[in-house]
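Hello,

Here is the structure I promised to pass on to you. Have a look at it, and then read my notes below.

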Amino acid sequence: MAPKRKDNDAPPTLPTRRSARNVAKETSYNEIDQDELKPVKAIKKGKGKKTAEKETVDEDATDAKEEEEAKEADPEEPAAKKSRTGIAVGDALPDLVLQDEDENKVKINELKNVIIFAYPKASTPGCTKQGCSFRDNYPKIQKAGYSVYGLSLDTPKSQKTFKTKQNFPYHLLSDAPNGDFLAWLGALKVGKKITRSHWIVDGEGKIEAIEAGVAPLDSSKKAMKTIKAEEEDEE
C-alpha cells in the first residue's frame, strides 16, 4: 500500500492557546482551600440583646460613679461651697418660663419655698430612684412648708409619662430644647448632659441651698435635712 502523501497545501494544526488571565484564574482557584469557600453569614444590623444589656450596665455604672463621687465630698462642707454651678446662695431665680408635664406655663421667678431637683433623663434607673425618693418623702417635705419640682431636658410628653408611671405627686418641668434654666443653674454640661443636683428656694424666691453632683438616693435626704423636714416629722 502506497504511503499517504502529505498535503503541503493543508493549513498547519496550531496548539490551543490559553490566555494568561485564564491560567491565573485556574491556578488561583486550585490553590484556594475549599473551606474558605464556605458562605459567610450576614451580620444583622440593629440593637440586639447584648447591646441592650450593655446600655443597662452603662446606666448602672453611671449611678455607681455618682454615688462614689458623692461619698468623697466632705459632708461638713457648706452646700454653697460645694456647688459647681456658678450661682450662689442668695441669688434670685431668673425671669424664665417653662412648661410642666401638662404643657402649663410656669414662671420660674414666681416659685417660692420649693425644692428643684435636676435629673439627666426621665424614666432611667437612677432618675427613677431620685424621683421616687422625693415622692416617698413628699408628705414630710410638705409638712415643712415646701413643694417639689423635677427638672430635665425631657419634653412635656416624656415628663407626663414619667410622672404617671411613677405616680409623682409633684410637677416635672421641661427645659427643652435649649436648657436655659439648667444652664443658669450651672447643671448643664458639654453635650447637654445634666449634673444630678438640687436647689432649695426660700420664701422670697432666692436660692437657699445648692447641692450639685449628688447621688440619686441622697438628693431627697440632703434636701430634707436642709429644710429640717425630718426633725419636724419626729416632733
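The notes below are about salt bridges.

Please keep in mind that this is a predicted model. As background, side chains of opposite charge can pair when their charged atoms come close. Searching the whole structure turns up 6 salt bridges, and I will walk you through some of them.

Start with Glu101 and Lys163, whose side chains meet in a salt bridge at 3.0 Å, N to O. This pair links distant parts of the chain: Glu101 is in the loop between strand S1 (97-99) and strand S2 (105-107), Lys163 is in helix H6 (residues 156-166), and the two are 62 residues apart. Are these partners buried or exposed? Glu101 counts as buried, with a relative accessibility of 4%, and Lys163 is buried too, at 17%.

Now look at Asp102, in the loop between S1 and S2, and Lys160, in helix H6; they are 58 residues apart and again link distant parts of the chain. Their side chains form a salt bridge at 2.8 Å, N to O. Here Lys160 counts as partly exposed at 36% relative accessibility, and so does Asp102 at 37%.

Finally, Lys222 forms a salt bridge with Glu211, and their closest N and O atoms are 3.6 Å apart. Because Lys222 lies in helix H8 (residues 218-226) and Glu211 in strand S9 (residues 207-212), the pair ties together parts that are 11 residues apart in sequence. Glu211 is buried, with a relative accessible area of 10%, whereas Lys222 counts as partly exposed at 26%.

Enjoy exploring!

Best wishes

Technical notes
Residues numbered from 1 in each chain as written. Predicted model: local features only at pLDDT ≥ 70, side-chain atom pairs only at ≥ 80, totals over all residues. Heavy atoms only, no water. Salt bridge = Lys/Arg side-chain N within 4 Å of Asp/Glu carboxyl O. Helix = DSSP H or I, 4+ residues; strand = E, 2+ residues; numbered from the N terminus. Buried < 20%, exposed > 50% of the residue type's maximum accessible area, 1.4 Å probe, protein only.
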